[in-house]
Amino acid sequence: MKVYINGEFCDEQNAKISVFDHGLLYGDGVFEGIRAYNGRVFKLKEHIDRLFFSAKAIMLQLPMTHEQMTRAIVAACRENQIRDGYIRLVVTRGIGTLGLNPNRCDKPQVIIIAGKIQLYPNELYERGLEIVTVPTIRNLHSALNPAIKSLNYLNNILAKIEANNAGCEEAIMLNAEGFVAECTGDNLFIIKGRQLLTPPLSAGALYGITRGIVMDLARDQGLLVAEPNLTRYDLFNADECFLTGTGAELIPVVKIDGRVIGAGKPGPLTHDLISGYHALTKTSGEPIYE
Ligand code: PXG
């Protein structure tokens, strides 16, 4: 594998960043996780836009334009002969002193890893996931806004550990008011009648790209889409539930905190949305090869 670091491709074993980089010392930086399908980078513009928004929020000046970033990502895929894969785009604050002040870091490091993705096993898509609510709440937007896709993911990791301890793959994270925010690396949806519901972004969630696509698909399929505050009670009494994320795509949920959701198996409307999403991934995206 060849890794892109600041405009150059290096061999995997030489792909190194300084121990003085504030990305390592303080989790000071931003990232994106992007998929390629069928020789095309899916929703690339949306991911690059979000990277720029995250960077703006932490006052990190990206050393490249949108267009240069697009070209670099496509080049990294081509260099690694990716047709279907996973791209990790990382920008760190760069090398600085052993103090948290970022003003001594003068060169952000841009890293692009284009490789393979580890997916949930197929049988989880067929049977559906069991998930639990965990004690760790989502970061307050007034502290570290969950909209920022920063290198500081400990909030999510703690929740993931708690889910794993409970024998689950994913965790439902509530916000400080007790409303549902999202999962550790996925947004959450429920279906009730002909309504598709997901927590508002202000409840403390990442502005998920898959989330946006699914809301558009649902409207096209004649569902009503709304973003009310949701409680655990709303989840327990949903007809269907699923999670969305670049990695997971759409994955059905059949049990939450011991309560069986709907019929206890992936629901029909979830299936329709999964089909719609798959069709989109196959037919759109930024071409890697001419
Ligand atoms: N919430 C959080 C906290 C995320 O990190 C999503 C929702 C879904 O957003 P997208 O735009 O992907 O639909 C994410 C993104 C991983 C991994 O290794 C997870 C994400 C991104 C990159 C890697 O589990 N989730």
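How do the residues of the lining of the largest pocket divide into nonpolar, polar and charged?

1. Basis of the note. This is a predicted model, in which local features need pLDDT of at least 70 and side-chain atom pairs count only at pLDDT 80 or more, while totals for chains, interfaces and linings use all residues. Residues are numbered from 1 along each chain as its sequence is written, and side-chain values use heavy atoms, with hydrogens and water left out.

2. The largest pocket. Its lining divides into 11 nonpolar, 12 polar and 10 charged residues; here Ala, Val, Leu, Ile, Met, Phe, Trp, Tyr, Cys and Pro count as nonpolar, Asp, Glu, Lys and Arg as charged, and the others, Gly among them, as polar. A pocket is an open set of points on a 1 Å grid over the protein atoms alone, where a 1.4 Å probe fits, with protein on both sides within 12 Å along at least five of seven lines; lining residues have an atom within 4 Å of a point. The volume is about 830 Å³, taken as the space filled by probe spheres set on the points, which are joined across faces, edges and corners. Of the 33 lining residues, Tyr-86, Lys-149, Gly-185, Asp-186 and Gly-247 are the closest to the centre of this pocket.

3. Elements of the lining. At least two lining residues each come from β3 (29-37), β5, α5 (154-165), β9 (180-183), α6 and β13. Helices (H or I, at least four residues) and strands (E, at least two) are DSSP runs, numbered from the N terminus.

4. The ligand. The largest pocket holds the ligand, in the sense that more than half of its atoms lie within 2 Å of the grid points. The shell comprises five nonpolar, nine polar and six charged residues.

5. Polar contacts (pairs of N or O atoms within 3.5 Å). A side-chain N or O atom of Tyr-153 is 2.5 Å from an oxygen atom of the ligand. For Glu-182, a polar side-chain atom lies 2.6 Å from a ligand nitrogen atom, and for Thr-210 such an atom lies 2.6 Å from a ligand oxygen atom. The protein buries 82% of the 550 Å² that the ligand exposes when taken alone, with accessible areas from the Shrake-Rupley method with a 1.4 Å probe.

Methods. A polar contact is a pair of N or O atoms within 3.5 Å; within protein, one must be able to donate a hydrogen and the other to accept it, and residues adjacent in sequence count only if both atoms are side-chain atoms.
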